Amino acid sequence: MAKYLLLKHYRGAPASVNDVPMDRWTPEEITAHVGYMNDFADRLKETGEFVDSQALTPQGAWVRYDGEGRPPVTDGPFAETKDLIAGWMIIDVDTYERAVELAGELSAAPGAGGKPIHEWLEVRPFMSASQHTIAE
């Protein structure tokens, strides 16, 4: 089994087919979308392929180390941070092809008007310990 991150973007990916921002959806449309996501996760829990999922709020800040004994430096929030990552799902599947299959299905979550979003999802494999070894 290999873990993959299915990364959902607010913006920054190619435009989806049903490209109405979530802040313009009705409460019923949001409920339908979240319900689809929860049902999808529940189905993957039954197959043992679900690891975790989280949605993110638009708020955030950049933080970095500023030297020994000094407080971290913060800045933001910046508009581009909330535009980037909306949330994620981590799956544990047998093949990359299965990860792509599930991402395609998740892309069909309903949006405005109850129609599938056809959103782009980024599929990223987790780095394994074997990828850290240096070939000699």
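Rings of Phe, Tyr and Trp (for Trp, the six-membered ring) count as a pair if their centres lie within 6.5 Å; planes under 30 degrees apart are called stacked, over 60 edge-to-face, and the rest tilted. The model on screen is predicted, so local features need pLDDT of at least 70 and side-chain atom pairs count only at pLDDT 80 or more, while totals for chains, interfaces and linings use all residues. Residues are numbered from 1 along each chain as its sequence is written, and side-chain values use heavy atoms, with hydrogens and water left out.

**Stop 1: the aromatic pair**

Select Tyr4 and Tyr96. How many aromatic pairs does a search of the whole structure find? The search finds one. The ring centres of tyrosine 4 and tyrosine 96 are 6.1 Å apart and the planes stand at 55°, so this pair is tilted. Tyrosine 4 belongs to strand β1 and tyrosine 96 to helix α3, 92 residues apart, and the pair thus links distant parts of the chain. Helices (H or I, at least four residues) and strands (E, at least two) are DSSP runs, numbered from the N terminus.

Buried means under 20% relative accessible area, exposed over 50%, and partly exposed in between, with a 1.4 Å probe and protein chains only. Tyrosine 4 is buried, because its relative accessible area is 9%. Tyrosine 96 has 44% and is therefore partly exposed.

**Stop 2: the whole chain**

Zoom out and colour by secondary structure. The protein chain has three helices and six strands. Starting from the N terminus, their order is β-α-β-β-β-α-β-α-β. The chain has 136 residues, of which 26% are buried.

Next, consider contacts, meaning heavy atoms within 4.5 Å. Among the contacts in the protein chain with a separation of 6 or more, 77% are between residues 24 or more positions apart.

**Stop 3: the nonpolar core**

A nonpolar core is a set of buried Ala, Val, Leu, Ile, Met, Phe, Trp, Tyr and Cys residues joined through side-chain atoms within 4.5 Å. Select Leu44, Met89, Ile91 and Leu106. In the largest nonpolar core, which has 16 residues, these four touch the most other members. The elements that give two or more residues to this core are β1 (2-9), α1 (27-47), β5 (85-93) and α3 (96-106).

Keep Ile91 selected and show its surroundings. Which residues does isoleucine 91 touch, not counting residues up to four places away in sequence? Among them are Ala2, Tyr4, Leu6, Leu44, Val51 and Leu102.

**Stop 4: helix α1**

Select His33, which lies in helix α1. Is histidine 33 buried or exposed? Histidine 33 is buried, because its relative accessible area is 6%. Leaving aside neighbours within four places in sequence, histidine 33 is in contact with Lys8, Met22, Trp25, Ala109, Pro110 and Ile117.

Then move to Val34, also placed in helix α1. Valine 34 has 38% relative accessibility and so counts as partly exposed.

**Stop 5: the salt bridges**

A salt bridge is a side-chain nitrogen of Lys or Arg within 4 Å of a carboxyl oxygen of Asp or Glu. By this rule the structure has eight salt bridges.

Select Glu119 and Lys8. The closest N and O atoms of this salt bridge are 2.2 Å apart. The partners come from distant parts of the chain: glutamate 119 from the loop between α3 and β6 (121-125), lysine 8 from strand β1, 111 residues apart. Glutamate 119 and lysine 8 are both buried.

Now select Arg98 and Glu49, another salt bridge, with the closest N and O atoms 2.8 Å apart. Arginine 98 is in helix α3 and glutamate 49 is in the loop between α1 and β2 (50-55), 49 residues apart. Glutamate 49 counts as buried because its relative accessibility is 10%.

Glutamate 101 and arginine 98 are three residues apart in helix α3, about one turn of the helix. Through shared partners, salt bridges join Glu49, Arg98 and Glu101 into one network.
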